[in-house]
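Dear colleague,

Please find the structure below, together with its sequence. My notes on it follow.

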Amino acid sequence: MIVGNGVAGVAAALRLRELSPSSIIKMVSAESPLFFSRTALMYLAMGEMEREDLEPFPTSYFAEKKIELLLGEVVTLDRDNRQITLTDGTHHLYTKLLLATGAIPKSIEIEGENLKGVFTLVSLQDALGLKAFINQNISRSPSEKKAVVVGGGLIGIEMVEVLLHYNYHVTFLLRGERFWPKALSKIESELVERDLEKRGVVVLKNTTLAAIKGEGCVKEITTQKGSSLPCSLLALAIGVVSNTALALKSGLSISRGIVVNPNLETSDPGVYAAGDCAEVVRDDDKRIVESIWYTSKSMGVVAAENMLGKCKMYQAGVWYNSAKFFDKEYTSVGEIEVSENDTHFMGSLEGVPFIVRVKTTCDNIVLGVSVVGVRLDSSKLESAILNRVTSTQLINNFNEYNYEPEFTAKKTPCFQLPFSS
Amino acid sequence: MNQSLLPKRLPVFNYLLAVSFTLFYYLLYFTDLFTPLAKSTGLKNKWVLYGVIYTLTMLIFGVKVFLKRKKDPYQRLRTLSVVFFQLVFAFLLPILLPLLKQPEFYFSYLWPLKIEYFYPDVMVGKPFFYIIYSLAGSLILFPLLAFFIGKRFYCSWICGCGGLAETMGDTFRSLSDKSKMSWKIERVTIYSVLVFTILTTVLIVTPWAIKELFHYELNLLTQIAMKVRHFYWFFISAFLAGVLGVGLYPLFGTRVWCRFFCPMAALLGLIQKKGKFQIVVKKGMCISCGKCSKECEMGIDVRYYAQKDQSFTRASCVGCGICAYVCPRGVLRLQSNLKLESIC
């Protein structure tokens with residue numbers, strides 16, 4: 001039994017069926033009848049894609065694999081009797097249970113957060129609600145189409161893109177010194193911020209939301225610096241937290257996420273957790289919640305293997321990550337924590353600058369590569385890192401990593417001085 | 001992905017457009033309605049008029065598409081190429097050649113697409129160069145190119161049918177049906193047409209060859225051949241390629257002919273499957289968003305391969321490169337896996 005049909009739940013279901021042709025596999029979701037790509041919600045909100053386009057597998061695929069799909073919320077998890085109860089009153093017994101309930105938006109805990117016109121972009125309902133609201137107000141005058149986006153991370157910039165698509169004036173509030181400081185260096189963020197400014201976005205750094213004003217609908221927000229920003233739409237993208245409500249209610253061990261051991265087992269040996277809802281252990285014994293598509297997919301697979309009795313350890317830690325900032329594609333391979341002796345290389349593609357940040361050991365061995373604005377072959381970068389190449393070797397062979405379309409002019413980036421804050 | 005075969009929730013405008021296109025082609029092929037118009041503008045016949053309209057349409061929409069995807073060098077070159085081949089080889093040259101005492105010849109169309117270029121009565125009167133070009137082109141050059149760089153060299157860089165699809169048809173490209181059922185149907189229909197094309201060719205060539213070699217006239221066979229030949233023209237060239245091919249653009253996307261019926265596509269597609277062209281997938285990077293599958297005009301479920309880290313070659317892939325262009329994470333890359341690294 002799998003609770004949740006996001007990428008972790010589905011990866012687990014498919015892996016379970018692959019390894020066990022005869023077990024009964026059921027997957028229940030409260031969000032949508034069919035698995036959809038959450039990473040594409042912004043395209044749904046922009047009207048570029050329909051809900052059906054976002055579904056990687058049709059209903060018939062799951063039917064073929066004899067994976068039963070259920071729509072409903074799990075009201076109780078009775079671990080003693082090994083059964084779950086849904087909103088419609090049905091009970092389902094399980095031998096092994098996987099909780100893949102994902103994440104929910106972090107609450108900003110400010111009054112007014114539930115006014116009309118305040119949106120997050122995490123669930124399918126969020127995306128459809130945002131699109132509907134925007135379309136209701138589509139013929140408003142430009143002075144009325146002002147939006148504020150709070151949160152300088154991946155979902156924040158996606159919401160900025162959605163709002164610009166509908167010709168809103170956007171003010172982007174970043175809590176810190178720059179956009180996405182967790183993953184991008186000052187130089188990388190600057191590239192993105194300059195692009196945002198060129199598109200007419202007002203970027204306010206070191207600014208947080210203090211108050212939300214409005215009656216029924218949001219009218220205005222105030223920052224901690226005291227300035228007021230009128231807005232008819234407020235987008236909150238301050239992060240997500242694990243959806244642990246069900247686990248908590250049923251007495252499982254919870255911290256920031258559902259606590260699991262390296263085999264993705266919870267405090268109850270018959271119950272597993274994978275994806276954004278799980279809190280995993282890293283090599284350095286630190287516990288983290290990884291809310292990334294790629295790691296959730298791997299976790300689903302590992303959880304499935306453990307559910308069938310194969311003892312598999314999940315190796316926490318990001319190997320790949322990716323995103324897109326308007327026209328600039330972002331990829332990272334390996335370690336990407338920003339440090340002072342990272343080397344930045346800058347190049348130009350079709351007249352637009354791109355940046356490659358290489359993180360190395362003191363002996364110049366590459367630990368990780370972060371790329372903004374150019375397509376590189378991530379598998380080759382991964383091999384390079386595993387083969388312990390130096391950053392000089394990497395840059396000298398830059399064209400080998402080229403993944404841009406054919407006929408792209410080959411360009412080796414110019415060497416840039418090591419970044420020092 | 002939508003699993004039904006019928007167009008879903010399309011605006012009424014699309015249906016109106018489909019009717020208009022279909023009507024236009026019906027009138028063009030099966031009536032003389034356009035002849036007076038052609039003559040009054042000083043053009044030789046309705047086919048030249050058609051050529052003018054077709055080429056002009058491709059030029060205008062070619063500019064639009066070029067600007068739309070101008071940041072991608074592959075898209076720029078491909079758009080330029082397809083417009084160039086239409087303008088020069090499918091329009092201007094065939095008009096100029098007779099003025100230079102040469103036969104009216106379309107160098108960008110060969111057998112099996114232009115079945116006439118293997119008909120003895122069409123080719124034998126022409127200078128030797130044209131006969132060699134037709135035979136060597138169809139049997140040696142095109143297959144070799146399809147093997148080494150994929151059938152895309154023709155289907156999305158040269159062919160005029162493809163050219164219209166990529167330019168005027170760009171708006172309709174995501175309407176192609178992605179269902180497994182469509183894939184099953186297209187494999188039956190396209191190879192059936194190829195077989196029919198080969199049989200028709202053999203049927204036309206055989207009595208001629210017997211007559212040339214043995215001076216024996218197979219009257220019955222010749223009669224049957226004539227009927228089949230006419231049926232081929234009517235059903236394949238006029239109805240499927242023209243009327244349905246373009247008529248269905250606004251309902252089923254731009255490549256209905258290419259995907260379900262074109263014998264050149266069938267032949268080169270088979271060669272491509274064994275060849276060096278493939279779409280490479282960056283392992284572990286696909287986020288299953290579905291943009292690739294949505295934009296694929298051939299109805300290939302590209303996402304299916306991308307999300308399971310599988311580089312692939314499909315016989316129907318015309319190498320337009322749009323899947324790679326729209327991918328928000330740069331997961332896909334069109335490649336000809338030749339040893340010479342210096343070639344792109």
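Is Lys294(B) buried or exposed? Lys294(B) is buried, with a relative accessible area of 16%; buried means under 20% relative accessible area, exposed over 50%, and partly exposed in between, with a 1.4 Å probe and protein chains only.

Before the other findings, a word on conventions. This is a predicted model, in which local features need pLDDT of at least 70 and side-chain atom pairs count only at pLDDT 80 or more, while totals for chains, interfaces and linings use all residues. Residues are numbered from 1 along each chain as its sequence is written, chains are lettered from A and ligands numbered from 1 in the order in which they are written, and side-chain values use heavy atoms, with hydrogens and water left out.

Salt bridges

Over all chains, the structure holds 33 salt bridges, each being a side-chain nitrogen of Lys or Arg within 4 Å of a carboxyl oxygen of Asp or Glu. Lys294(B) takes part in one with Asp53(A), at 2.8 Å from N to O. This pair crosses between chains: Lys294(B) lies in helix 14 (residues 291–295) of chain B, and Asp53(A) in the loop between helix 2 (41–45) and helix 3 (59–64) of chain A. Helices (H or I, at least four residues) and strands (E, at least two) are DSSP runs, numbered from the N terminus. Asp53(A) is buried as well, at 10% relative accessible area.

Within chain A, Arg51(A) and Glu55(A) form a salt bridge whose closest N and O atoms are 3.3 Å apart. Arg51(A) is partly exposed at 26%, whereas Glu55(A) is buried at 9%.

Glu193(A) and Lys205(A) also meet in a salt bridge, at 2.7 Å from N to O. The pair links distant parts of the chain, 12 residues apart, with Glu193(A) in helix 6 (residues 186–198) of chain A and Lys205(A) in the loop between strand 12 (202–204) and strand 13 (209–215) of chain A. Glu193(A) is buried, with a relative accessible area of 4%, and Lys205(A) is partly exposed at 32%.

Nonpolar cores

The largest nonpolar core has 210 residues, of which Leu99(A), Phe325(A) and Tyr154(B) touch the most other members. A second, separate core of 15 residues includes Ile110(A), Val118(A), Val148(A) and Leu236(A). Such a core is a set of buried Ala, Val, Leu, Ile, Met, Phe, Trp, Tyr and Cys residues joined through side-chain atoms within 4.5 Å.

Not counting residues up to four places away in sequence, Tyr154(B) touches several residues, among them Phe142(B), Met264(B) and Leu268(B); contact means heavy atoms within 4.5 Å.

Helix 13 of chain B

Met264(B) and Leu268(B) are among the buried residues of helix 13 of chain B. The buried residues of this helix pack against elements of chain B including helix 6 (128–149), helix 9 (180–214) and strand 1 (277–281). Helix 13 (residues 263–274) has 12 residues and should span 16 Å, and its end C-alpha atoms are 18 Å apart, which agrees; the expected span is 1.5 Å times one less than the number of residues.

A loop residue in chain A

Asn137(A) is found in the loop between helix 4 (124–136) and strand 10 (146–150) of chain A. Asn137(A) is buried at 11% relative accessible area and, leaving aside neighbours within four places in sequence, is in contact with Lys145(A) and Tyr168(A).

With kind regards
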